[in-house]
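This report describes the backbone, the sheet and the aromatic contacts of the structure shown below.

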Amino acid sequence: MPSALRLLPALSPAHRDQLMGVAREVSFPADGRIFEAGGTADRFWVVRSGTVSLYQQVVAGRRISVATLGPGDLLGWSWLFPPHTWDFGAEAFSPVRAYEFDAADVRALCDADPTLELSLTRTIGAILAHRLETTRAALIEHYARHGGGH
């Protein structure tokens, strides 16, 4: 399986500069919640250091990890698609430093430069396709290891 695509290196230098022009540096402590499923998706991040766990609540009080993100990874894509609510929750597994991007600022950049919008949409689409394939493979492996439900 090909390695994960990284948002910032995938953009042209001009588009990367535009995007970084609205970035701000943030940090999250270990075990700190970054966002919850169902919340308003009004920003996204590119992880600079540390590890983030994406999780899905399956039953009251129980959640499962669906992905682990590290340096260079995109955190958050729900800001791009209506209804702009988080599909998963995210928690810092270790101390995390990241670039944070306000969705309204990025959408304004995209409105002003449709080539930036196309580049972001295609790159984020490719990132999501890779994560879906990785998740599918992990589920198949898990299912096979645990007897296929028999």
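Proline 83 is placed in the loop between β6 and β7 (89-92); helices (H or I, at least four residues) and strands (E, at least two) are DSSP runs, numbered from the N terminus. The model is a predicted one, in which local features need pLDDT of at least 70 and side-chain atom pairs count only at pLDDT 80 or more, while totals for chains, interfaces and linings use all residues. Residues are numbered from 1 along each chain as its sequence is written, and side-chain values use heavy atoms, with hydrogens and water left out.

The peptide bond that leads from proline 82 to proline 83 is cis, with omega near 10 degrees. Histidine 84 also lies in the loop between β6 and β7, and its phi is positive, at about 60 degrees, although the residue is not a glycine. Aspartate 31, in the loop between β1 and β2 (33-35), likewise has a positive phi, near 70 degrees. Most residues other than glycine have a negative phi, and most peptide bonds are trans.

The table lists the accessibility of several residues; buried means under 20% relative accessible area, exposed over 50%, and partly exposed in between (1.4 Å probe, protein chains only).

| Residue | Relative accessible area | Class |
|---|---|---|
| Histidine 15 | 12% | buried |
| Tryptophan 77 | 23% | partly exposed |
| Histidine 84 | 23% | partly exposed |
| Phenylalanine 81 | 37% | partly exposed |
| Aspartate 31 | 57% | exposed |

The sheet comes next. Four strands form an open sheet in the order β1-β8-β3-β6, with antiparallel pairing; two strands pair if DSSP finds at least two bridges between them. The edges are held by β1 (23-28) and β6 (74-75), each with a single partner strand, so one side of each has no neighbour in the sheet. Strand β3 (residues 43-49) pairs with strand β8 (residues 96-102) in the antiparallel sense over 6 bridges. Tryptophan 45 has glutamate 100 in β8 as its bridge partner.

Helix α3 (residues 103-112) packs on the sheet and touches β3 and β8, its direction making about 55 degrees with that of β8. Helix α2 (residues 13-20) lies across β1, β3 and β8 and runs at about 95 degrees to β8. Contact means heavy atoms within 4.5 Å; axes are lines fitted to C-alpha atoms, for helices over the stretch in contact, and angles run from 0 to 180 degrees between N-to-C directions.

Histidine 15 belongs to helix α2. Not counting residues up to four places away in sequence, histidine 15 touches Asp113, Thr115, Leu116 and Ser119.

A search of the whole structure finds 7 aromatic pairs. Rings of Phe, Tyr and Trp (its six-membered ring) pair if their centres lie within 6.5 Å; planes under 30 degrees apart count as stacked, over 60 as edge-to-face and the rest as tilted. The rings of phenylalanine 44 and phenylalanine 101 are stacked, because their centres are 4.8 Å apart and their planes stand at 15 degrees. This pair links distant parts of the chain, with phenylalanine 44 in strand β3 and phenylalanine 101 in strand β8, 57 residues apart. Both phenylalanine 44 and phenylalanine 101 are buried. Tryptophan 77 and phenylalanine 81 form an edge-to-face pair, 6.0 Å centre to centre with 65 degrees between the planes. One aromatic cluster is formed by Phe28, Phe35, Trp45 and Trp86.
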